[in-house]
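Here is a short report for a reader meeting this structure for the first time. Please look at the sequence and the model first.

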Amino acid sequence: MPQRADGRQRVAEILNAAAQVFEQRGYDATTMAEIATTAGARIGSLYRFFPNKESVAEALMTQQMTILHEEYAAIQHRADTIGTPELADLLVDLLVTHYPRINALPILMDAHTNRTEIRRHSRALALAGIAAAIGKHAPHISTAQAVDIAAVVANNMKTMLGMTNGSLPTSNGASDELRFMNRLYLLSRLKAAPIE
């Protein structure tokens, strides 16, 4: 991250532009030239901060995962004071609710790049955030079970996002059905005597 305020502002503009281009074109089709054009920057300015497209993607994933991590922490903070249906809804709707701020993250998480370590780390952080909220809401379940439940919920979250943004087949009432299914799942798994 640059030390000077104008440099930090330029990086922020580049990352915002990159998020737009990645969202519209996908990771593979995006070029550094398109990112520079969208950011209103010269290509040399872009390369001054980022040596290649993968480094832009990595910085953007880190930025957007930080946003998501803060949202998981907010849910965890409330998790022991809300009912299971409300927790289920907060989790399943999280990606949809915050999509404008994390719009490139789903694309970058699924991209085939050489930067698999940051993707692995990002997935682990997401599971840990969900599992922490589940563990706080239902402290009687084991950490391992909270992680397993978190993996199911994370997939429900991705499905909800896909149905909402049109990247998955859906119908008018399908998102309500998914929300209902997620509630029933968490209600059954988080009972005081967990169902095996």
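**Basis**

This is a predicted model, in which local features need pLDDT of at least 70, side-chain atom pairs count only at pLDDT 80 or more, and totals for chains, interfaces and linings use all residues. Residues are numbered from 1 along each chain as its sequence is written, and side-chain values use heavy atoms, with hydrogens and water left out.

**The whole chain**

The protein chain has 10 helices and zero strands. Here helices (H or I, at least four residues) and strands (E, at least two) are DSSP runs, numbered from the N terminus. In sequence order the pattern reads α-α-α-α-α-α-α-α-α-α. The C-alpha trace spans about 60 × 40 × 25 Å along its principal axes.

Of the 196 residues in the protein chain, 45% are buried. Buried means under 20% relative accessible area, exposed means over 50%, and partly exposed lies in between (1.4 Å probe, protein chains only). The chain exposes about 10200 Å², and carbon and sulfur atoms supply 55% of that area. Accessible areas come from the Shrake-Rupley method with a 1.4 Å probe; for residues, only the protein chains shown count as cover.

Contact means heavy atoms within 4.5 Å. Among contacts with a separation of 6 or more, 67% join residues 24 or more positions apart. Thr66 and Ile102 show how the fold can bring parts together: they are 36 residues apart in sequence and 9.6 Å apart in space, C-alpha to C-alpha. Thr66 is found in helix α4. It is partly exposed, with a relative accessible area of 41%.

**The core**

A nonpolar core is a set of buried Ala, Val, Leu, Ile, Met, Phe, Trp, Tyr and Cys residues joined through side-chain atoms within 4.5 Å. The largest one has 56 residues. Phe22, Phe50, Ile130 and Ile134 have the most contacts inside it. Helix α4 (residues 53–78) gives the largest share of this core, nine residues. Another core lies apart from it, with five residues, among them Val92, Met160, Met163 and Ala174.

Phe22 is buried, at 0% relative accessibility. Thr30 sits in the loop between α1 (5–25) and α2 (32–39). Despite that loop position, Thr30 is buried, at 3% relative accessibility. Its contacts include Val21, Arg25 and Ile35, not counting residues up to four places away in sequence.

A pair of aromatic rings is described by the distance of the centres and the angle of the planes. Rings of Phe, Tyr and Trp (its six-membered ring) pair if their centres lie within 6.5 Å; planes under 30 degrees apart count as stacked, over 60 as edge-to-face and the rest as tilted. The count comes to one aromatic pair. Phe22 and Tyr27 form a stacked pair, 5.6 Å centre to centre with 20° between the planes. Tyr27 is buried, at 6% relative accessibility.

**Salt bridges**

The structure holds 10 salt bridges. Each is a side-chain nitrogen of Lys or Arg within 4 Å of a carboxyl oxygen of Asp or Glu. The table gives some of them.

| Salt bridge | N to O distance |
|---|---|
| Arg25 and Glu34 | 2.7 Å |
| Lys136 and Asp80 | 3.9 Å |
| Arg179 and Asp176 | 3.0 Å |

Which parts of the chain does the pair of Lys136 and Asp80 link? Lys136 lies in helix α8 (residues 116–137), and Asp80 lies in the loop between α4 and α5 (84–92), 56 residues apart. Lys136 is partly exposed at 29%, and Asp80 is partly exposed at 47%.

Arg179 and Asp176 both lie in helix α10, three residues apart, about one turn of the helix. Is Arg179 buried or exposed? Arg179 is buried, with a relative accessible area of 18%. Asp176 is partly exposed, at 47%. Salt bridges that share partners join Asp93, Asp176 and Arg179 into one network.

**A surface patch**

Phe180, Leu184 and Leu187 make a nonpolar surface patch of about 260 Å². Patches are made of residues with over 30% relative accessible area and no salt bridge: like charges are joined within 9 Å, nonpolar side chains (Val, Leu, Ile, Met, Phe, Trp, Tyr) within 5 Å. Leu184 is found in helix α10 (residues 174–189). Leu184 is partly exposed, at 44% relative accessible area.
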